[in-house]
Amino acid sequence: MAVLYVIADGFYLLLYKTFGYRKKVVKDNLKQSFPEKSESELLAIEKKFYHYLSDLIVETVKGFSIGKKEVTKRMQFINRQVLDELVVNNQSAIMVMGHYGNWEWLCRASQMLADNQMIVAYKPLSNSLFNDLMQKARTKFGVMSVPMMQLPRVLKEQKKPYLLILLADQSPSDRNGNIWVPFLNRETAVMPGIEKLALKYKLPVYYNTIRLLKRGYYTCEFKLLCRENENTNEGDITKLHTMALEKNIIEKPELWLWSHKRWKHKKQ
């Protein structure tokens with residue numbers, strides 16, 4: 001990893017200084033999200049983001065070969081008892097997270113750090129070769145990686161408690177059927193899929209907070225957002241997990257994927 005982080009420092013120079021990878025998108029996202037911050041403060045976040053993005057690239061590459069001992073050393077669950085209680089109670093659940101911190105390492109480590117069957121839902125990549133490589137890496141320790149379109153069938157087939165891991169900050173393909181939520185200083189379209197799954201399968205919803213301790217070392221903390229039998233109004237669950245992610249981002253903004261074109265749609 002020490003060698004890889006030297007390479008990451010080189011990537012930073014290429015991504016940020018040489019090619020300016022999506023720099024306009026990053027600058028606009030930061031400016032819109034933190035209008036109260038000065039230009040120097042925004043620039044500091046911008047540079048930290050590109051440094052972390054470079055680390056994330058080499059960590060993702062390392063994920064193809066990382067061993068069980070290494071990944072569980074670098075991704076610690078600080079309140080694992082939450083997951084243990086789900087197993088004891090024979091209860092499945094949804095775990096929500098965003099493109100924040102190293103979500104890929106979390107997927108690798110989760111099956112080794114908990115007794116729940118981990119199911120990760122994903123949207124297949126257009127490049128089939130890279131898609132197959134990513135799925136092979138994600139599932140090598142026992143995690144089930146399932147395309148979104150196949151998720152209803154797979155969940156119906158499960159006989160034991162599972163933990164369904166879902167990313168909550170994908171940009172919707174269109175503006176129809178979404179829930180609009182205040183997020184980082186903008187009305188933001190959020191897909192209601194997590195809420196619909198929670199209500200349909202009567203699943204409690206947890207949010208996973210990833211924190212970076214130091215370069216290459218993370219902790220995960222699980223927080224209950226909504227119980228399986230809790231009465232909610234339409235949009236409540238979506239607002240809860242969006243607010244939880246926003247709190248994470250404000251706490252340490254450089255760990256979120258600012259190069260992502262998140263705000264493709266505007267509320268009419």
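# Notebook: pocket, strands and salt bridges

**Entry 1. Largest pocket.** I looked up the largest pocket, and about 1800 Å³ of space lies in it. Of the 49 residues that line the largest pocket, H99, K123, L125, L167 and Q170 are the closest to its centre. I note the rule: on a 1 Å grid over the protein atoms alone, a pocket is an open set of points where a 1.4 Å probe fits, with protein on both sides within 12 Å along at least five of seven lines, and lining residues have an atom within 4 Å of a point. Grid points are joined across faces, edges and corners, and the volume is the space filled by probe spheres set on the points.

The model is predicted: local features need pLDDT of at least 70, side-chain atom pairs count only at pLDDT 80 or more, and totals for chains, interfaces and linings use all residues. Residues are numbered from 1 along each chain as its sequence is written, and side-chain values use heavy atoms, with hydrogens and water left out.

I then sorted the lining of the largest pocket by residue class and found 30 nonpolar, 12 polar and 7 charged. Here Ala, Val, Leu, Ile, Met, Phe, Trp, Tyr, Cys and Pro count as nonpolar, Asp, Glu, Lys and Arg as charged, and the others, Gly among them, as polar. Several elements each supply at least two residues of this lining, including helix 3 (39-62), helix 6 (103-113), strand 3 (117-122) and strand 5 (162-167). Helix 9 gives the most, with 5 residues. Helices (H or I, at least four residues) and strands (E, at least two) are DSSP runs, numbered from the N terminus.

**Entry 2. Strand 8.** Which strands pair with strand 8 in the parallel and in the antiparallel sense? Strand 2 (residues 93-97) pairs with strand 8 (residues 205-214) in the parallel sense over 3 bridges. Strand 9 (residues 217-226) pairs with strand 8 in the antiparallel sense over 9 bridges. Two strands pair if DSSP finds at least two bridges between them.

**Entry 3. R215 and helix 1.** I followed the chain to R215 and found its side chain in a salt bridge with that of D9 (2.8 Å, N to O). R215 lies in the loop between strand 8 and strand 9 and D9 in helix 1, so the pair ties together parts that are 206 residues apart in sequence. A salt bridge is a side-chain nitrogen of Lys or Arg within 4 Å of a carboxyl oxygen of Asp or Glu. D9, D55 and R215 are linked in a network of salt bridges. R215 is partly exposed at 36% relative accessibility, and D9 is partly exposed at 35%. The cut-offs are under 20% relative accessible area for buried, over 50% for exposed and in between for partly exposed (1.4 Å probe, protein chains only).

Is A8, by contrast, buried or exposed? A8 is buried, with a relative accessible area of 1%. A8 lies in helix 1 (residues 2-18). Leaving aside neighbours within four places in sequence, A8 is in contact (heavy atoms within 4.5 Å) with S54, D55, V58 and R215. The C-alpha atoms of A8 and L56, 48 residues apart along the chain, are separated by 8.4 Å.

**Entry 4. Other salt bridges.** I counted 14 salt bridges by the rule above. One of them joins the side chains of E187 and K267 (3.9 Å, N to O). E187 lies in strand 7 (residues 186-190) and K267 in the segment after helix 10 (236-251), so this pair ties together parts that are 80 residues apart in sequence. The side chains of E254 and K252 also meet in a salt bridge (3.3 Å, N to O). E254 counts as buried at 11% relative accessibility, while K252 is partly exposed at 30%.

**Entry 5. R108.** I found R108 in helix 6. R108 is buried, with a relative accessible area of 0%. Leaving aside neighbours within four places in sequence, R108 is in contact with T60, G63, V71, A137, R138 and F141.

**Entry 6. Positive phi.** Most residues other than glycine have a negative phi. N90 has a positive phi near 55° and is not a glycine. N90 sits in the loop between helix 5 (81-88) and strand 2 and is exposed at 57% relative accessibility. K202 has a positive phi of about 55° and is not a glycine. K202 sits in the loop between helix 9 and strand 8 and is exposed, with a relative accessible area of 57%.
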